[in-house]
Amino acid sequence: MSDQPRRPRTSGKPYRRPKKDPVRILAFEALRAVDERDAYANLVLPPLLRKAREQEGPEKFDARDAALATELVYGTLRWQGTYDAVVSACVDRPLREVDPPVLDVLSLGAHQLLGTRIPTHAAVSATVELARVVLGDGRAKFVNAVLRKVAQHDLDGWLERIAPAYDEDPEDHLAVVHSHPRWVVSALWDSLGGGRSGIEDLLRADNERPEVTLVARPGRATAEELLEEDAAVPGYWSPYAVRLTEGGEPGAVAAVRDGRAGVQDEGSQLVALALANAPLDGPDLRWLDGCAGPGGKAALLGALAAQRGALLVASEKQTHRAGLVARALEGNPGPYQVIAADGTRPAWRPGSFDRVLVDVPCTGLGALRRRPEARWRRRPEDLEGFAPLQRGLLRTALESVRVGGVVGYATCSPHLAETRAVVADVLKQHPDTELLDARPLLPGVPDLGEGPDVQLWPHRHGTDAMYLALIRRTG
């Protein structure tokens, strides 16, 4: 008997092996990793792309292939909510009854049809071929039937059919049109303070591909050096920021490879700079980054501290993340120490530091441009889980700073429950403190509100939605 696999029976047509499209197979593998392992696309995609580039073959995986794969992955994740609503209108069963791998293929196809300039026939045929490779012929027929229904309208046409009217249900309308969970729309709207134009501008900004932003670490590299790179332009606000406007590869930049520069959102840079420049009463010799992983802010703070002869202590609870911090600080021109310690159970004496930064763990709703899958992964109940930790870290930070010193409380979330509510609750228990006006410490940055704290926004400042409150200990 032959060891060759039997070819499926056909209705008289010769069997044709499915064509393997490395770009779409890679995109599918990335989406499955995000779904199955709760992985983040920004961590999964680079090694997949690197492996694809290293493979030999007649059709070399090139830069255009990498760009298409990246767009397919991130575009599908950003618009998942809208595409789910479209696909739901095209199937005869609840989406929860559609196998997740099949739904991933359908979402990839929907993005090509509704979110790219790929011609309709090419989008459908390429996705059906992908389904034949990764799902089999039977389920590929289902994919083909659904995508032909999806292709009957463009995105605007579908939104007219599936989104409720704004006047009837504004939050649900915005959730469907801009592909955000309803609860996230509501929370962001509250943080903005109302108004339709502002929330729509923010939701649109969340769905745009962010530029890569570099930081020149003071004393080790300069912005002028980084500006010599192709398609590099100055940052918006930070004197150390440089933007790569055409999706440049940071690893190709010599200063980044050497550790003299790094990848760091400009909002994150501004938080570190504001803490470093906040006015102190007394000496300025010991700084603490109390939630240092993975090390971006610590590297910038360490470089700034070195210029003043100050010591930076970078503390991170998780050992493997402490290793990332140590790597980021390697070569820092001034003294520093990296420790693996729980920020709520400090390994140092009270009042040991002049400046303390705690960029606390949070829902990450301020970085949805960079981690689009987080919007679907987070739940409102997650806020309850973060609340005790956020308050505990801020209390410890206030106890760790000396009288006259300054604490910076930061989050990459604009949710009021993670920002002003935390600060207000903790300061009630610490009457020996005062809020400083952080706005003058972000010179040139507009639209910073009434203060004294600062909330940055993607649609207003081109940064992640970082929050910062500066607090001086007075007694």
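Tutor: Asparagine 207 lies in the loop between α11 (196-206) and β1 (212-216). The model is predicted.

Student: Why does asparagine 207 count as buried?

Tutor: Its relative accessibility is 11%. Buried means under 20%, so asparagine 207 counts as buried.

Student: What does asparagine 207 touch, not counting residues up to four places away in sequence?

Tutor: Asparagine 207 touches Arg78, Trp79, His178, His180 and Arg375. For such a contact, heavy atoms must lie within 4.5 Å.

Student: Which residue does the UniProt annotation "active site" cover?

Tutor: According to the unreviewed UniProt entry, the annotation covers Cys412. In the model, cysteine 412 lies in the loop between β9 (401-411) and α19 (420-428).

Student: How do you know whether cysteine 412 is buried or exposed?

Tutor: The relative accessible area of cysteine 412 is 16%. The cut-off for buried is under 20%, so cysteine 412 is buried. Leaving aside neighbours within four places in sequence, cysteine 412 is in contact with several residues, including Asp359, Cys362, Asp464 and Met466.

Student: What makes α5 largely enclosed by the rest of the structure?

Tutor: Of the 15 residues of α5, 13 are buried, so the helix is largely enclosed.

Student: How far does α5 reach, and what span is expected?

Tutor: Helix α5 (residues 100-114) reaches 20 Å from its first C-alpha to its last.

Student: What makes glutamate 36 and arginine 32 a salt bridge?

Tutor: Their closest N and O atoms are 3.3 Å apart. A salt bridge needs a side-chain nitrogen of Lys or Arg within 4 Å of a carboxyl oxygen of Asp or Glu, so glutamate 36 and arginine 32 form one. Both residues lie in helix α1 (residues 22-37), 4 residues apart, about one turn of the helix.

Student: Why does aspartate 453 count as buried?

Tutor: Its relative accessibility is 8%, and buried means under 20%. Arginine 420 has a relative accessible area of 48% and is partly exposed.

Student: Which residues do salt bridges that share partners join into one network?

Tutor: Arg32, Asp35, Glu36 and Asp104 are joined in this way. A search of the whole structure finds 32 salt bridges.

Student: How many aromatic pairs does the count give?

Tutor: The count comes to 3 aromatic pairs. One of the pairs is formed by tyrosine 236 and tryptophan 237.

Student: What makes the pair of tyrosine 236 and tryptophan 237 tilted?

Tutor: The centres are 6.2 Å apart, with 40 degrees between the planes. Centres must lie within 6.5 Å to pair; under 30 degrees is stacked, over 60 is edge-to-face, and the rest is tilted. The angle of 40 degrees falls into the rest, so the pair is tilted. Tyrosine 236 is partly exposed at 40%, and tryptophan 237 counts as partly exposed at 24%.

Student: Why is the pair of tyrosine 409 and tyrosine 467 called edge-to-face?

Tutor: Their ring centres are 6.4 Å apart and their planes stand at 70 degrees. That angle is over 60, so the pair is edge-to-face. The pair links distant parts of the chain: tyrosine 409 is in strand β9 and tyrosine 467 is in strand β12 (residues 467-473), 58 residues apart. Both tyrosine 409 and tyrosine 467 are buried.

Technical notes:
Residues numbered from 1 in each chain as written. Predicted model: local features only at pLDDT ≥ 70, side-chain atom pairs only at ≥ 80, totals over all residues. Heavy atoms only, no water. Helix = DSSP H or I, 4+ residues; strand = E, 2+ residues; numbered from the N terminus. Expected span 1.5 Å × (residues − 1). Buried < 20%, exposed > 50% of the residue type's maximum accessible area, 1.4 Å probe, protein only. UniProt positions renumbered as here; feature names shortened; annotations may be inferred. Phe/Tyr/Trp six-rings, centres within 6.5 Å; stacked < 30°, edge-to-face > 60°.
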